[in-house]
Amino acid sequence: MSDQQFIEKAINLAKENIRAGGRPFGAVIVKDNTIIACGVNQIVQQGDPTAHAELQALRAASKALGKVNLADCTVYASGQPCPMCLAAIRMVGIKRVFYAYSNQDAAPFGLSTEQLAQQLRSPPQQQQDFAFIQLKLTPQVELYQLWQQQRQSSIKS
């Protein structure tokens with residue numbers, strides 16, 4: 001299949017999701033020219049603000065492939081991924097994302113995330129109407145060292 005066919009699949013998923021009462025977003029994860037996973041936006045249906053199409057597809061792809069590193073995959077999304085989805089895509093190592101509709105296309109319908117993306121370009125401490133406060137325990141719990149020790153002991157076992 002071609003990039004055009006994969007993006008059409010993402011758009012068709014979005015259309016099906018609209019007919020099912022969902023929002024107009026679909027995503028496809030591809031590896032070696034094969035669709036590994038698909039997802040649609042289900043934030044309303046699931047009552048889960050993280051149930052975006054891209055995240056649904058990433059979860060399904062990780063499960064299908066049995067790994068969380070998806071660097072060998074590509075994302076095709078009906079709409080420009082929001083900052084949350086884009087961060088998740090980058091965190092799993094994906095290096096290519098194709099999308100059909102931009103934030104500018106989505107803005108007249110109240111579906112653009114450009115304003116949020118602009119806010120997130122500033123350090124959290126400088127973002128408007130947002131408190132970002134580090135609060136440590138006293139005495140300090142060495143959480144990350146505990147995790148590292150646990151990992152090392154399970155590797156040796």
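Here is a short chat about the predicted model shown above.

Q: What pattern do they follow along the sequence?
A: The order is α-β-β-α-α-β-α-β-α-α-α.

Q: What does the C-alpha trace span along its principal axes?
A: About 55 × 45 × 30 Å.

Q: How much of the protein is buried?
A: Of the 157 residues, 33% are buried.

Q: And what share of the contacts comes from residues 24 or more positions apart?
A: Take the contacts with a separation of 6 or more.

Q: Let's zoom in on α3. Which residues does it cover, and how does it pack with α4?
A: Helix α3 runs over residues 53-65, and helix α4 over residues 83-91. They pack at an angle of about 25 degrees. Their axes are 9 Å apart.

Q: So are α3 and α4 roughly parallel or roughly antiparallel?
A: Roughly parallel. Angles under 35 degrees count as that, and theirs is about 25 degrees.

Q: Is the crossing left-handed or right-handed?
A: α3 passes α4 in a left-handed crossing.

Q: Which residues meet there?
A: From α3, Glu54, Leu55 and Leu58. From α4, Met84, Cys85, Ala88 and Ile89.

Q: How many of those are nonpolar, polar or charged?
A: Six are nonpolar, none is polar and one is charged.

Q: Why does the span of α3 agree with its number of residues?
A: Count 1.5 Å a residue. The 13 residues of α3 should then span 18 Å. The end C-alpha atoms of α3 are 18 Å apart, so the two agree.

Q: Which α3 residues are buried?
A: Ala53, Glu54, Leu55, Gln56, Ala57, Leu58, Ala61 and Ser62.

Q: Why would residues three or four places apart point the same way in a helix?
A: An α-helix has 3.6 residues a turn, so residues at that spacing point the same way.

Q: What follows α3?
A: Gly66. Its phi is positive, near 70 degrees.

Q: Where are Asn33 and Asp129?
A: Asn33 is in the loop between β1 and β2. Asp129 is in the loop between α6 (114-120) and α7 (143-156).

Q: How exposed are they?
A: Asn33 is partly exposed, with a relative accessible area of 45%. Asp129 is exposed, at 78%.

Q: New topic: Asn17. Where is it, and is it buried or exposed?
A: Asn17 sits in helix α1 (residues 3-19). Its relative accessibility is 5%, so Asn17 counts as buried.

Q: What is Asn17 in contact with, leaving aside neighbours within four places in sequence?
A: Gly22, Arg23, Phe25, Val40, Asn41 and Gln45.

Q: Last one: where is Ser2?
A: Ser2 is in the segment before α1. It is partly exposed, with a relative accessible area of 31%.

Q: What separates the C-alpha atoms of Ser2 and Asp105?
A: They are 24 Å apart. Along the chain, Ser2 and Asp105 are 103 residues apart.

Terms used: Residues are numbered from 1 along each chain as its sequence is written. This is a predicted model: local features need pLDDT of at least 70, side-chain atom pairs count only at pLDDT 80 or more; totals for chains, interfaces and linings use all residues. Side-chain values use heavy atoms; hydrogens and water are left out. Axes are lines fitted to C-alpha atoms, for helices over the stretch in contact, and angles run from 0 to 180 degrees between N-to-C directions. Helices (H or I, at least four residues) and strands (E, at least two) are DSSP runs, numbered from the N terminus. Angles under 35 degrees count as roughly parallel, over 145 as roughly antiparallel, 65 to 115 as roughly perpendicular and the rest as oblique. A crossing is left-handed if the near helix is turned anticlockwise from the far one by less than a right angle, and right-handed if clockwise. Contact means heavy atoms within 4.5 Å. Ala, Val, Leu, Ile, Met, Phe, Trp, Tyr, Cys and Pro count as nonpolar, Asp, Glu, Lys and Arg as charged, and the others, Gly among them, as polar. The expected span of a helix is 1.5 Å times one less than its number of residues. Buried means under 20% relative accessible area, exposed over 50%, partly exposed in between (1.4 Å probe, protein chains only).
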